[in-house]
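Below are my notes on the model you sent, as numbered points. Please read them with the coordinates open.

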Amino acid sequence: NPPTTMAIKNALDLLESLGAAESNWNEVQDQDEPNSDVKTSLTALGYHLATLPVHPRVGKMMIYGALFGVYDPCLTIAAAMTSRSPFISSVGNREAADEAKQSFASDDHISVLLAFNQWRHLRQRDGRKAKAFLRENFLSYNSLNNIVQLRKQLEKYMFDIGFSAPASPSGLL
């Protein structure tokens, strides 16, 4: 079934709020059903967002991250948002796992970013220390590795639309 008119209006409202589209809404006949005679056009940002396989809010974060010099952290957060949390816990160790997560930062996205960066750094230098870091901080290797793979994919999409980060130090990805 095609989307309802209200769903289309809500999607266009979201794109307008992000600065990705401009719509000329004519007066509506019925408050619940907008007039189908709507002129809509994508902005430059909208064209870029349309090529990224992520939610428009996440895509905007990635693009603005590239523009404002925080590409690497934004790419990691975007990849983490489309992946499972790397923090793991079971009933018996939930408190310790929560403490480990809070030791990085009080915000979930920043916690994941900081944990990922530390793990990535350790992994390049010493595999045994990286494994110990995972155990001590209740982190899943598979989830972190998935974030690495998603970052690579997102980085390729960003490169394809003309955004790329400066060369990363020591080739860390």
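1. Lys156 counts as exposed, because its relative accessibility is 52% and the cut-off for exposed is over 50%. This is a predicted model, and the value is computed from it. The side chain of Lys156 forms a salt bridge with Asp160, with the closest N and O atoms 2.8 Å apart. Both residues belong to helix H8 and are four residues apart, about one turn of the helix.

2. Asp72 has a relative accessible area of 27% and is partly exposed.

3. The Arg151 contact is part of a network: Asp72, Arg120 and Arg151 are linked by salt bridges.

4. A further salt bridge joins Lys101 and Asp108, with 3.1 Å between the closest N and O atoms. Lys101 counts as buried because its relative accessibility is 19%; note that the cut-off is under 20%. Asp108, with a relative accessible area of 43%, is partly exposed. The total count comes to five salt bridges.

5. Which residues form a nonpolar patch on the surface? They are Tyr64, Leu67, Phe68 and Val70, and together they have about 410 Å² of accessible area. Tyr64 is placed in helix H3 (residues 56–67). Its relative accessibility is 35%, so Tyr64 counts as partly exposed.

6. For the chain as a whole, the secondary structure comes to eight helices and two strands. Along the sequence, the pattern reads α-β-β-α-α-α-α-α-α-α.

7. Of the 173 residues in the protein chain, 35% are buried. The chain exposes about 10800 Å², and carbon and sulfur atoms supply 52% of that area.

8. Taking contacts between residues at least 6 apart in sequence, 56% join residues at least 24 apart.

Technical notes
Residues numbered from 1 in each chain as written. Predicted model: local features only at pLDDT ≥ 70, side-chain atom pairs only at ≥ 80, totals over all residues. Heavy atoms only, no water. Patch = residues over 30% accessible without salt bridge, like charges linked within 9 Å, V, L, I, M, F, W, Y side chains within 5 Å. Areas by Shrake-Rupley, 256 points an atom, 1.4 Å probe, with all protein chains shown as cover. Salt bridge = Lys/Arg side-chain N within 4 Å of Asp/Glu carboxyl O. Buried < 20%, exposed > 50% of the residue type's maximum accessible area, 1.4 Å probe, protein only. Contact = heavy atoms within 4.5 Å.
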